Amino acid sequence: MTARLLTAMVPGLDAMYKPVDLVERPTPISHETSLAARWNLQELWIKRDDLSSPIYGGSKVRNLEYFFGDAIAKGATSVATMGPLGSHQVLATATFARIHGLHARALLTPQPNVHEAGLNKRLLPALGMELLRCERFLDVPMAFLRIRYRRHQGQRPYWIPPGSHHPIGVLGVIEGALEIAAAIKSGELPMIDDIVVPTGTCATASGVWLGLAMAGLPIRVVAVRMVPMMITGPGKMKKLAMKTLALLRQAGYTKEPQFGEILWVDDFAAPGYGQSNADADEAAKEVAEASNFRTETTYISKTLAMFRKSTLQGRRVLFWNTYSAVDPDPSTITAKAAA
Ligand SMILES: *Cc1c(COP(=O)(O)O)cnc(C)c1O
């Protein structure tokens with residue numbers, strides 16, 4: 001595994017936040033010529049964060065590297081988080097907590113019955129996660145207090161905020177953006193116009209935007225909103241990036257980042273969180289025919305639906321693939337944890 005690009009850039013960071021290694025760095029970048037032709041893009045590249053870990057990949061693994069490092073440094077024996085029934089963050093937390101010998105618990109909030117909800121129902125208990133499931137949103141506040149503050153073996157669990165929306169989580173994403181910058185500098189990847197990021201709480205989009213700015217590459221970040229407007233937005237995205245920059249300043253980072261433009265896109269979230277639409281279904285079919293990565297509804301195919309419209313035609317685009325290529329397998333993970 002290569003050394004961390006962020007550590008090289010901000011050597012003081014390790015003394016404050018020492019990450020654990022979960023991501024197989026750098027994740028590959030694939031060149032999608034047939035999808036680009038179909039969608040009238042000049043170029044389409046994919047940052048394969050679906051392959052961030054062979055155990056369980058996707059975007060949350062980058063966030064968890066820093067959260068878990070911080071939890072372990074603080075002597076925590078238990079971690080807690082929350083998310084909707086089908087949450088990838090909850091599944092990633094259960095998976096890597098098991099491997100690192102940490103107890104994990106989560107609050108699950110209601111969500112329409114997407115594929116991931118069934119998957120989580122089966123996998124989370126098998127990974128030993130303690131669960132509190134709410135059937136009604138009304139029950140969430142009380143359950144939240146129990147999940148977050150009730151002690152486990154005399155200790156409060158280390159809290160991982162929903163969606164990893166926190167500067168500590170963003171640090172891991174910056175590493176991914178610096179991998180893109182390194183690929184451009186080495187010539188593996190040509191200069192691109194846009195990076196398209198499926199966007200929930202916007203922790204990923206913030207980190208991509210800040211990381212590119214730190215690398216001196218003001219590439220436009222296209223954040224495609226997939227969750228209700230109430231919990232996310234371009235203001236939140238910038239604010240989280242600035243908070244993360246403030247943390248890096250404390251660690252001794254003094255350069256001025258070169259921020260690119262943000263294109264915040266609200267048009268592809270219908271009909272609602274986790275629910276598909278005709279364009280998303282078509283986009284998923286096109287990927288199945290013309291490429292080899294796996295799609296899901298909540299974030300991926302609905303974001304890819306954007307390529308079927310004219311907005312980015314003729315441009316050189318990189319799609320940030322946030323969805324794991326594999327589902328975690330509790331029996332091999334448990335065997336690994338015991339070893
Ligand atoms: C969590 C998640 C996102 C959204 O990430 P944010 O950082 O919350 O914006 C996108 N895609 C997938 C597959 C995810 O699991």
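In which loop does Ser 164 lie? Ser 164 belongs to the loop between β6 (158-159) and α8, where helices (H or I, at least four residues) and strands (E, at least two) are DSSP runs numbered from the N terminus. The model is predicted, so that local features need pLDDT of at least 70 and side-chain atom pairs count only at pLDDT 80 or more, while totals for chains, interfaces and linings use all residues. Residues are numbered from 1 along each chain as its sequence is written, and side-chain values use heavy atoms, with hydrogens and water left out.

Ser 164 has a positive phi of about 60° although it is not a glycine. With a relative accessibility of 0%, Ser 164 counts as buried (under 20% relative accessible area, with exposed meaning over 50% and partly exposed in between, for a 1.4 Å probe and protein chains only). Cys 202 likewise is not a glycine and has a positive phi, of about 75°. This cysteine is found in the loop between β7 (194-199) and α9 (203-214), and Cys 202 is buried, its relative accessible area being 2%. Most residues other than glycine have a negative phi, and most peptide bonds are trans.

Two peptide bonds also deserve attention here. The bond from Arg 25 to Pro 26 is cis, with omega near -20°, and Pro 26 is placed in the loop between α2 (13-16) and β1 (29-31). The bond from Ala 270 to Pro 271 is cis as well, with omega near 0°; Pro 271 is found in the loop between β9 (262-265) and α11 (278-290).

Two positions carry annotations in the UniProt record, whose positions are given in the numbering used here, with feature names shortened and annotations that may be inferred rather than shown by experiment. For "modified residue: N6-(pyridoxal phosphate)lysine", the unreviewed entry lists Lys 60. Lys 60 is in helix α4 and counts as buried at 17% relative accessibility. Leaving aside neighbours within four places in sequence, Lys 60 is in contact (heavy atoms within 4.5 Å) with His 88, Gln 89, Ala 92 and Gly 163. The annotation "active site", also from an unreviewed entry, covers Ser 87. Ser 87 is found in the loop between β3 (78-84) and α5 (88-99) and is buried, with a relative accessible area of 8%. Not counting residues up to four places away in sequence, Ser 87 touches Gln 111 and Asn 120.

Helix α4 (residues 60-73) also packs against helix α8 (residues 167-186): their axes come within 6 Å and cross at roughly 135°. Axes are lines fitted to C-alpha atoms, for helices over the stretch in contact, and angles run from 0 to 180 degrees between N-to-C directions. The two helices, α4 and α8, are therefore oblique to each other, given that angles under 35 degrees count as roughly parallel, over 145 as roughly antiparallel, 65 to 115 as roughly perpendicular and the rest as oblique. On the α4 side the contact includes Arg 62, Tyr 66 and Asp 70, and on the α8 side Ile 168, Leu 171 and Glu 179 are among the residues involved.

A further helix pair is formed by α11 and helix α12 (residues 297-304), which pack at an angle of about 85° with their axes 7 Å apart. These helices, α11 and α12, are therefore roughly perpendicular to each other. Ala 280, Ala 283, Ala 284 and Val 287 of α11 meet Ser 301, Lys 302 and Leu 304 of α12.
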